[in-house]
Amino acid sequence: ATLQLLPLLPVDLDQAFALAAGATGPRPLTVAALRHAYAAHCLEGGMDICELADLLGHASLGTTMMYLPTALADSRPHYLRCHPLCQGALRIPSASPTHQEILDLLEAATPGRDQAVIRTLYATALRESELIKLDCADLDLDELRVFVRDGKGPKDRYTLIDAGTAE
């Protein structure tokens, strides 16, 4: 699916999201929202924040730390259920899209290129400009990684991609 993405123009991203609009309920998802969800879901899953900073291409750990409140907010139900002083406390809603919202967006996207675009954005946390500059030579499907040239900064980095998205 990933190789079907290229070449890619900004209008292609707009089209992919416009066609899937409304699938996630009242809040529309954007490229930035998928990147935020990637970061929050990785932290919720136990990823080290320093590793996440490298994958996101952040020059400063402080930039990555902005995702901690979201990850902690999603841990709140476990805390409220388990901690004896929190009986009856209310959950603070998460600002990042939920796993279900991401799945709904993917399901609503047009099969083929649009689904591949959205899945790749979520799987890799690439910025819009990084995805548009992506070249087939940047994909290492054997190692399941993507070389990001001139990311924000300009800074080169590698990010990971799952086998399902890389197919």
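A residue is called buried when its relative accessible area is under 20%, exposed when over 50%, and partly exposed in between. The exercises below use a predicted model.

**Exercise 1.** Find which residues of helix H6 are buried, and state what they pack against.

*Solution.* Step 1: helix H6 spans residues 99–108, and its buried residues are Glu101, Ile102, Leu105 and Leu106. Step 2: these residues cover an arc of only 135° around the axis, so they lie on the same side of H6. Step 3: the buried residues of H6 pack against helix H1 (10–19), helix H2 (31–44) and helix H7 (113–124).

**Exercise 2.** Determine how the axes of H1 and H7 are arranged.

*Solution.* Step 1: the two axes come within 9 Å and cross at roughly 100°. Step 2: angles of 65 to 115 degrees count as roughly perpendicular, and H1 and H7 are therefore roughly perpendicular to each other. Step 3: among the residues making the contact are Leu13 and Phe17 of H1 and Val117 and Leu121 of H7. Step 4: sorted by class, this contact has 7 nonpolar, 1 polar and 3 charged residues.

**Exercise 3.** Describe the salt bridge between Arg113 and Asp12, and decide whether each residue is buried, partly exposed or exposed.

*Solution.* Step 1: the closest N and O atoms of Arg113 and Asp12 are 2.9 Å apart. Step 2: Arg113 is in helix H7 and Asp12 in helix H1, 101 residues apart, and the pair links distant parts of the chain. Step 3: Arg113 has 29% relative accessibility, so this residue counts as partly exposed. Step 4: Asp12 has 16% relative accessibility and therefore counts as buried.

Methods: Residues are numbered from 1 along each chain as its sequence is written. This is a predicted model: local features need pLDDT of at least 70, side-chain atom pairs count only at pLDDT 80 or more; totals for chains, interfaces and linings use all residues. Side-chain values use heavy atoms; hydrogens and water are left out. Buried means under 20% relative accessible area, exposed over 50%, partly exposed in between (1.4 Å probe, protein chains only). Helices (H or I, at least four residues) and strands (E, at least two) are DSSP runs, numbered from the N terminus. The arc is that of the directions from the helix axis to the C-beta atoms. Contact means heavy atoms within 4.5 Å. Axes are lines fitted to C-alpha atoms, for helices over the stretch in contact, and angles run from 0 to 180 degrees between N-to-C directions. Angles under 35 degrees count as roughly parallel, over 145 as roughly antiparallel, 65 to 115 as roughly perpendicular and the rest as oblique. Ala, Val, Leu, Ile, Met, Phe, Trp, Tyr, Cys and Pro count as nonpolar, Asp, Glu, Lys and Arg as charged, and the others, Gly among them, as polar. A salt bridge is a side-chain nitrogen of Lys or Arg within 4 Å of a carboxyl oxygen of Asp or Glu.
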